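Hello,

Here is the structure I promised to pass on to you. Have a look at it first, and then read on for my notes.

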Amino acid sequence: MPAPAGLTEQLLAGPIVSTAWLADRLGSPGLRVLDASWYLPASGRDARAEYLAGHIPGALFFDLDAASDGASSLPHMLPPADQFARLAGALGIGNDSQVVVYDGSGANLSAARVWWMFRTFGHRAAAVLDGGLVKWKEEGRPLETGEPLVEPARFIARFDRNQVRSLEEVRRALADGSAQVVDLRAAGRFAGTEPEPRPIPSGHIPGSRNLPYTTLVRADGTLLSREALRRRLAEAGIDPGRPVIATCGSGTSACALLLALDWLGSTGHSLYDGSWTEWASRGMPVERSEQP
């Protein structure tokens, strides 16, 4: 059944939607809401258990670990297109569906990654809920428990190679200056003064810039205004008019920058999917210092 008139246009107007927008459209045919919460093991949080205990009505749980390439030794690598297509279809998502993704971090830790995955597999009708579950709860909006039933759909994934960069492509970009490499990890991990959550050294890719993903949102978890985002980028030495390759620990929080750049209307950027885990575990050069 097609989405209601006007739904597609409003979603495609930008990469984010407000809590009020979503509240007005819950239950609309063709709209799928995904809880894509994910947390580092040290956080002590169980994303799926939290989902079952209370989520936005009708939302389905998107398991980021299950949606990763199980054949890779690296965490959260993009899965093959057919694997992603099966997962999306099992969640009742077809190529005509409108997808709204959120997480419970309050800072787009993982929702932006799932938004990016849908974009990378050719599905442009996807957006992130601005402020996520934290803002939804703070506004006293309804929650439901358990897991709703959904009728499977057919999803065809079309991989866009331009969205992803390999280790060698990152090295070339740094050598020839063709792209800015921006690391979204916390400043201490970037500087090498705080440990990584995985058994690898901390530090950063020589020549990369640091922009912690948590600095891209306001206190309520919503994205900074466009003016404030531009200032934040400038302060970090990043030019949104030039290609950006985003990186982090495992290619998850880095997508928060790709979301913010899209919100600014800046396109042509990509993700280093292997991110710091691949770089550090492959014995590549490591720099340890604060960003100037």
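How many aromatic pairs does the structure hold? There are 8 of them in this model, which is a predicted one. One of the pairs is Phe-84 with Phe-155: the ring centres are 6.0 Å apart and the planes stand at 70°, over the 60 degrees needed, so this pair counts as edge-to-face. The two partners come from distant parts of the chain, 71 residues apart. Phe-84 belongs to helix α4 (residues 81–90), while Phe-155 sits in the loop between α6 (132–138) and β6 (164–165).

Now to the sheet. What is the order of its strands? Reading across, you will find β1-β5-β4-β2-β3, an open sheet of 5 strands with parallel pairing. The edges are taken by β1 (16–17) and β3 (60–61); each has a single partner strand, so one side of each is left without a neighbour in the sheet.

With β4 (residues 98–102), strand β5 forms a parallel pair over 3 bridges. Val-101 stands opposite Val-128 of β5, and Val-100 has Ala-127 in β5 as its bridge partner. The pairing of β5 with β1 is also parallel, over 2 bridges. Here Val-128 turns up again, as the bridge partner of Ile-16.

Next, a helix that packs on this sheet: α5 (residues 111–120) touches β2 (31–35), β4 and β5. The direction of α5 makes about 175° with that of β5, and an angle over 145 degrees counts as roughly antiparallel.

Helix α5 has a helical partner too, namely α10 (residues 255–263). How do the two helices lie relative to each other? Their axes come within 8 Å and cross at roughly 70°, which falls in the 65 to 115 degree range, so α5 and α10 are roughly perpendicular. The crossing is left-handed.

If you want to display this contact, select these residues:

- from α5: Ala-112, Arg-113, Trp-115, Trp-116 and Arg-119
- from α10: Cys-255, Ala-256, Leu-258, Leu-259 and Asp-262

By class, the contact between α5 and α10 has 7 nonpolar and 3 charged residues, with no polar ones. The charged residues include Arg-113 and Arg-119 on the α5 side and Asp-262 on the α10 side.

Technical notes
Residues are numbered from 1 along each chain as its sequence is written. This is a predicted model: local features need pLDDT of at least 70, side-chain atom pairs count only at pLDDT 80 or more; totals for chains, interfaces and linings use all residues. Side-chain values use heavy atoms; hydrogens and water are left out. Two strands pair if DSSP finds at least two bridges between them. Helices (H or I, at least four residues) and strands (E, at least two) are DSSP runs, numbered from the N terminus. Contact means heavy atoms within 4.5 Å. Axes are lines fitted to C-alpha atoms, for helices over the stretch in contact, and angles run from 0 to 180 degrees between N-to-C directions. Angles under 35 degrees count as roughly parallel, over 145 as roughly antiparallel, 65 to 115 as roughly perpendicular and the rest as oblique. A crossing is left-handed if the near helix is turned anticlockwise from the far one by less than a right angle, and right-handed if clockwise. Rings of Phe, Tyr and Trp (its six-membered ring) pair if their centres lie within 6.5 Å; planes under 30 degrees apart count as stacked, over 60 as edge-to-face and the rest as tilted.
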